[in-house]
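The following paragraphs lead the reader through one protein structure. Please keep the sequence and the model in view while reading.

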Amino acid sequence: MTTDPWWISLIKAFVVVNLVMLMFAYLTWLERKGLGRLQNRYGPNRAGPFGLLQPFADLVKLVRKEAFAPSSAIDVPYILAPIVSMFTALAAFSVIPWGAGWRIYHWNVTGAVVNVPISLLLIFALGSIGIYGFIVGGWASESKFSLLGSMRTCAQLVSYEVSLALSVLGVVILGRSLSLVDIVHRQGVTLPFVVPQFVGLLVFFFAGIAETSRAPFDLPEAEQELVAGYHTEYSGMRWGLFQTAEYINLITLSGLMVTLFFAGWHGPWNLGPIWFLLKLLGVLFVFIWLRATLPRLRYDQLMRFGWKVLLPVATLNAVVTAIVVAAT
């Protein structure tokens, strides 16, 4: 494991956090423009040229909007819930490598904010903690609609979290490491794991859609049923923190998919982080495309698909991969 001096890690953390926040802001713009084009209508086109200032207009609106709270809300967890969700979402991205590392003056700078041998486990651990923010937010609101949203969120995330974890076991077996940097290096000397682990990629992709509550698996936030689910009683920047956490979780999941299955920063030419960014944008566009294309599932269909389809397929894929690797 290669570590940087603390001040270099601090600079990288500052840069990466701001880049991820900027990407989140313009991902909302890209999604609205993309959905508009896919649905034969205009997206944002008033705030700045091509609507490019729309994310900043949304930020100003949220900052100036009244932050109400139910009179019966449990104050401390009600306030901390969106903060916990936001913090864990940003922290999870810190272990995703975007480059092989560089020699800058006298220092070797690694291509990740934090490079630890168990970075894959760390991402799943932070994701599990982040779930508490969504659940506690609905419970602390003292609203039956928010509580119902939290219960459905918990049931959905638990069922698909298991499938998501099992889907990467084949990659761990082939990469022979829990370090994301080692997994990317392994793909650089062999081939991208999307080839031998295509089944694992499909399970990871579908489980990831449900894990991030994206359409067509966005049952916890189905506006027609739950009026936005667990964050019904939030407004202003408290609501904005929940939305930011959801989009950053989507960016983190897409970055993890690029790292595990699409060889990370590797490409035909030595472009380093540019390859990672291009692959990341490609995966994010697929998520947007699905939202514009597929109708929402019923809740029983959602749970059945997670427990009776994805979980057995992910388990079988891991077992077969282990047998093949052991036999060769």
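Asp 218 is buried, because its relative accessible area is 12% and the limit for a buried residue is under 20%. This value, like every other one here, is computed from a predicted model. The side chain of Asp 218 meets that of Arg 296 in a salt bridge, with 2.9 Å from N to O. The two partners belong to distant parts of the chain, 78 residues apart: Asp 218 sits in the loop between α8 (198-211) and α9 (223-226), and Arg 296 in the loop between α11 and α12 (299-327). Arg 296 has a relative accessibility of 30% and therefore counts as partly exposed.

The structure holds six salt bridges. Another of them joins the side chains of Glu 31 and Arg 291, again at 2.9 Å from N to O. Here 260 residues separate the partners, with Glu 31 in helix α1 and Arg 291 in helix α11 (residues 273-293). Glu 31 has a relative accessible area of 1% and so is buried, whereas Arg 291, at 39%, is partly exposed. Glu 31 and Arg 291 also belong to a network with Arg 214, joined by salt bridges that share partners.

Asp 58 lies in helix α2 (residues 54-64) and Arg 32 in helix α1, a separation of 26 residues. Arg 32 is partly exposed, because its relative accessible area is 37%.

A nonpolar patch of about 1300 Å² is made by Trp 6, Trp 7, Leu 10, Ile 11, Phe 14, Val 15, Leu 19, Trp 102, Ile 104, Tyr 105 and Trp 107. Two or more residues of this patch come from each of α1 (6-38) and β1 (102-104), and α1 supplies the largest share, seven residues.

The packing of the helices may be followed from α10. How do α8 and α10 run relative to each other? The two helices pack at an angle of about 175°, with their axes 11 Å apart. α8 is therefore roughly antiparallel to α10, since angles over 145 degrees count as such. On the α8 side, the contact is made by Gly 200, Leu 201, Phe 204, Phe 205, Gly 208 and Ile 209, which meet Leu 253, Leu 256, Met 257, Leu 260 and Phe 261 in α10.

Helix α10 (residues 236-261) also meets helix α7 (residues 180-189); their axes come within 8 Å and cross at roughly 45°. The two helices are therefore oblique to each other. In this contact Leu 180, Ile 183, Val 184 and Gln 187 of α7 face Leu 256, Thr 259, Leu 260 and Phe 261 of α10.

Gln 187 of helix α7 deserves a separate look. Its relative accessible area is 3%, so Gln 187 is buried. Leaving aside residues up to four places away in sequence, Gln 187 touches Pro 192, Phe 193, Thr 259, Leu 260, Phe 261, Phe 262 and Ala 263.

Ala 263, one of those contacts of Gln 187, is found in the loop between α10 and α11. Its phi is near 65°, a positive value in a residue other than glycine. Ala 263 has 4% relative accessibility and therefore counts as buried. A positive phi, near 55°, also occurs at Arg 176, likewise a residue other than glycine. Arg 176 lies in the loop between α6 (169-175) and α7. Is Arg 176 buried or exposed? Arg 176 counts as exposed, because its relative accessibility is 62%.

A further backbone feature is the peptide bond from Ala 215 to Pro 216, which is cis, with omega near 10°. Pro 216 is placed in the loop between α8 and α9, and Asp 218 is in the loop between α8 and α9 as well.

Finally, Tyr 132 is found in helix α4 (residues 119-140). Tyr 132 has a relative accessible area of 54% and so is exposed. Tyr 132 and Pro 82 are 50 residues apart in sequence, and their C-alpha atoms are 9.7 Å apart in space.

Conventions
Residues numbered from 1 in each chain as written. Predicted model: local features only at pLDDT ≥ 70, side-chain atom pairs only at ≥ 80, totals over all residues. Heavy atoms only, no water. Patch = residues over 30% accessible without salt bridge, like charges linked within 9 Å, V, L, I, M, F, W, Y side chains within 5 Å. Areas by Shrake-Rupley, 256 points an atom, 1.4 Å probe, with all protein chains shown as cover. Salt bridge = Lys/Arg side-chain N within 4 Å of Asp/Glu carboxyl O. Helix = DSSP H or I, 4+ residues; strand = E, 2+ residues; numbered from the N terminus. Axes fitted to C-alpha atoms, helices over the stretch in contact; angles between N-to-C directions. Parallel < 35°, antiparallel > 145°, perpendicular 65-115°, else oblique. Contact = heavy atoms within 4.5 Å. Buried < 20%, exposed > 50% of the residue type's maximum accessible area, 1.4 Å probe, protein only.
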